[in-house]
Structure formats: C-alpha cells, structure tokens
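Have the sequence and the 3D view open, and follow along.

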Amino acid sequence: MGLSGETDWDLMPRIVAEDFTFVTNNARDFRKLYAKERLHAGLVIIVPQVLPALQRELFVLIPRELVGVQYLVNEVLEVTIDDDTAVLTRYLLPET
C-alpha cells in the first residue's frame, strides 16, 4: 500500500477512514490510538514481538478464532504466548 515507514499516528486516519481491521505487533502504541477512536473495525495484536516466522504461525490462528464472527467492531483480538501455547483473547478497550 506504500505506507511502509509511516508513523503510527499517520496511519490511524487511513485505517479508520477505510474501515480496516489492523494487524500489528505494536501493542503499546496501537492500544492507545484505538482507545481514542469512538468507532473502529477492530484491532488484531500479535504479541510479544517475535520473529517473523512465528508471527506467521500465530497469524494463521486468527481466522480460526474468528469463524462465525462477522465483525470485530470496537474489539481487540490479542494473540499471546503462554508456556509455548498460543492464547487468543478478545476484549474491548476502555475509552479515553
């Protein structure tokens, strides 16, 4: 999309305007940015920051978790690792 190198803050208007569900491993910044949005198409966070090969493995789990889910409106889906097991958690961000 030609957005490589854009700051997180510069990406947010486009993400929201185009109704993207955004996937990132930058949990700290994007949790803050999304908490400021009244309405968004969802955020997917893959944490902790891991090597790209493991990120891809974790990413494969996301569609499985979302079977039957039509939208992630105002929700966050977070993929973490606990004792070598992937854990998927869905939640709403508190409003700021």
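## A first pair to find

Which side chains meet in a salt bridge at 3.0 Å, N to O? They belong to Arg31 and Glu78. A salt bridge here is a side-chain nitrogen of Lys or Arg within 4 Å of a carboxyl oxygen of Asp or Glu. Arg31 sits in helix H2 (residues 27–35) and Glu78 in strand S3 (residues 75–82), so this pair ties together parts that lie 47 residues apart in sequence. Helices (H or I, at least four residues) and strands (E, at least two) are DSSP runs, numbered from the N terminus.

Before going on, a word on what you're looking at: this is a predicted model, where local features need pLDDT of at least 70 and side-chain atom pairs count only at pLDDT 80 or more, while totals for chains, interfaces and linings use all residues. Residues are numbered from 1 along each chain as its sequence is written, and side-chain values use heavy atoms, with hydrogens and water left out.

## The other salt bridges

Search the whole structure and you get three salt bridges. One of them joins the side chains of Glu18 and Arg14, at 2.9 Å from N to O. Another is formed by Glu75 and Arg90, with their closest N and O atoms 2.9 Å apart. That pair links distant parts of the chain: Glu75 is in strand S3 and Arg90 in strand S4 (residues 85–92), 15 residues apart.

How much of these residues is open to the outside? We call a residue buried if its relative accessible area is under 20%, exposed if it is over 50%, and partly exposed in between (1.4 Å probe, protein chains only). Glu78 is buried at 11%, and Glu75 is buried too, at 16%. In the remaining pair, Glu18 is partly exposed at 40%, and Arg14 is partly exposed at 30%.

## The sheet

Now look at the strands. Strands of a sheet pair through backbone hydrogen bonds, either parallel or antiparallel. In this model, four strands form an open sheet in the order S1-S2-S3-S4, with mixed pairing. Its edge strands are S1 (22–24) and S4, each pairing on one side only. Ignoring direction, neighbouring strands are turned by 15° against each other on average. Axes are lines fitted to C-alpha atoms, for helices over the stretch in contact, and angles run from 0 to 180 degrees between N-to-C directions.

Two strands count as paired if DSSP finds at least two bridges between them. Strand S2 (residues 43–46) and S3 run parallel and are joined by four bridges. Leu43 has Val76 in S3 as its bridge partner, and Ile46 stands opposite Val79 in S3. S3 and S4, on the other hand, pair in the antiparallel sense over eight bridges. Here Val76 stands opposite Tyr91 in S4, and Glu78 faces Thr89 in S4. The hairpin of S3 and S4 has two residues between the strands, and Asp83 in this hairpin takes a positive phi near 50°.

Contact means heavy atoms within 4.5 Å.

Which residues are buried in helix H1 (residues 8–17)? They are Asp8, Leu11, Met12 and Ile15. These residues cover an arc of only 115° around the axis, which puts them on the same side of H1. The arc is that of the directions from the helix axis to the C-beta atoms. An α-helix has 3.6 residues a turn, so residues three or four places apart point the same way. Among the things covering the buried residues of H1 are S1 and H2. Over on the other side of H1, Trp9, Pro13 and Ala17 are exposed. Just after H1, Asp19 takes a positive phi of about 55°.
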